[in-house]
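Colleague: I'd like to learn how to read a model like this one, feature by feature. Can we look at it together?

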Amino acid sequence: MFTGIIEEIGEIAAISASGDGWRLTVHAPKAAADAVHGESIAVSGVCLTVVGSTETSFDADVMKQTLDVSALGAVQVGSRVNIEKAMPVGARLGGHIVQGHVDGVGTVLEVRPGAQWRVLRISLPIDLAALVVDKGSISVAGTSLTVSAVSSPSTGSGTQTAGSGTQTAGSGTQTAGSGTQTAGSGAQTDEHWFEVSLIPETLEATILGTLEPGDVVNLETDILARHVERLLAFRTLTEGGSR
């Protein structure tokens with residue numbers, strides 16, 4: 001169990017084949033200093049088990065399924081990763097409940113810098129869109145963040161949220177108020193997305209400060225939302241409806 005409060009930025013020091021998966025060596029002096037065999041460490045949001053360690057690094061095996069469904073499959077030697085050790089019993093829950101079980105990946109669509117803040121817009125797989133709400137919690141690359149905006153539920157169905165300006169789509173121009181502009185962005189999109197606002201501490205203490213459009217990140221939605229969705233799915237089927 002984790003909280004999404006990143007303790008240090010680590011670096012992939014080595015990658016070797018381990019069956020159909022990988023064994024990663026991660027340079028992370030704070031985490032490795034007292035790491036013990038069998039404990040859990042979240043690497044950019046993915047819960048991994050320590051199988052060996054030195055004073056400055058630890059080794060962890062990553063199965064093929066994890067490589068296929070998470071952004072870890074794209075890391076290389078030298079890649080920087082967020083590191084968080086498991087939360088000890090009795091510690092403060094500074095972020096939110098994070099399991100280290102990645103639901104999927106998103107792609108950074110837009111980075112909007114400000115005087116102190118930075119806003120990231122990240123794509124969201126359709127099956128996760130209903131689990132992410134404005135002002136709710138989400139883990140991005142293992143970092144606990146508060147959602148500051150979400151796409152409309154009708155995104156992708158040919159209808160989009162009204163905005164406040166004028167947008168250009170393709171070769172034509174459309175006027176705000178027609179119900180065909182994405183809120184606040186001035187850019188049309190047919191994929192679900194969410195936004196997070198990053199404070200200076202997050203920009204400096206995590207790898208999120210270096211993200212650019214096109215970068216892929218691990219996403220973990222709120223565990224409470226996932227349980228509610230599952231309960232509602234069974235209730236609907238029990239009542240003879242369709243999901």
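Colleague: How many bridges join strand β8 to β13, and which way do the two run?

Modeller: Two strands count as paired if DSSP finds at least two bridges between them. Here six bridges join β8 (residues 118–123) to β13, and the strands run antiparallel. Arginine 118 has leucine 198 of β13 as its bridge partner. The strand names come from DSSP runs numbered from the N terminus: helices are H or I with at least four residues, strands are E with at least two. Before we go on, this is a predicted model, where local features need pLDDT of at least 70 and side-chain atom pairs count only at pLDDT 80 or more, while totals for chains, interfaces and linings use all residues. Residues are numbered from 1 along each chain as its sequence is written, and side-chain values use heavy atoms, with hydrogens and water left out.

Colleague: Which residue stands opposite valine 150 in β13?

Modeller: That's phenylalanine 194. Valine 150 belongs with β10 (residues 143–150), which pairs with β13 in the antiparallel sense over three bridges.

Colleague: How many of the residues in β13 are buried?

Modeller: Buried means under 20% relative accessible area, exposed means over 50%, and partly exposed is in between (1.4 Å probe, protein chains only). For β13 (residues 193–198), five of its six residues are buried, so the strand is mostly covered. Glutamate 195 counts as buried because its relative accessibility is 6%.

Colleague: What does glutamate 195 meet in a salt bridge?

Modeller: The general idea is that side chains of opposite charge can pair when their charged atoms come close. The cut-off used is a side-chain nitrogen of Lys or Arg within 4 Å of a carboxyl oxygen of Asp or Glu. Glutamate 195 meets arginine 112 at 2.9 Å, N to O. This pair links distant parts of the chain, with glutamate 195 in β13 and arginine 112 in β7, 83 residues apart. Arginine 112 is partly exposed, at 28% relative accessibility. Through shared partners, salt bridges join Glu110, Arg112, Arg121 and Glu195 into one network.

Colleague: How many salt bridges does the structure hold?

Modeller: Nine. One of them joins lysine 85 and aspartate 34 at 2.6 Å, N to O. That's another link between distant parts of the chain: lysine 85 is in β6, aspartate 34 is in the loop between α1 (29–33) and β3 (40–43), and they are 51 residues apart. Lysine 85 is buried, at 14%, whereas aspartate 34 is exposed, at 51%.

Colleague: Where do lysine 64 and aspartate 68 lie?

Modeller: Both sit in helix α2, four residues apart, about one turn of the helix. Lysine 64 is partly exposed, at 41%, and aspartate 68 is exposed, at 53%.

Colleague: In what order do the six strands close into a barrel?

Modeller: The order is β1-β2-β5-β4-β3-β6, with antiparallel pairing. Take β4 (residues 46–53) and β5 (residues 57–62), which pair over three bridges. Glycine 52 stands opposite aspartate 59 in β5.
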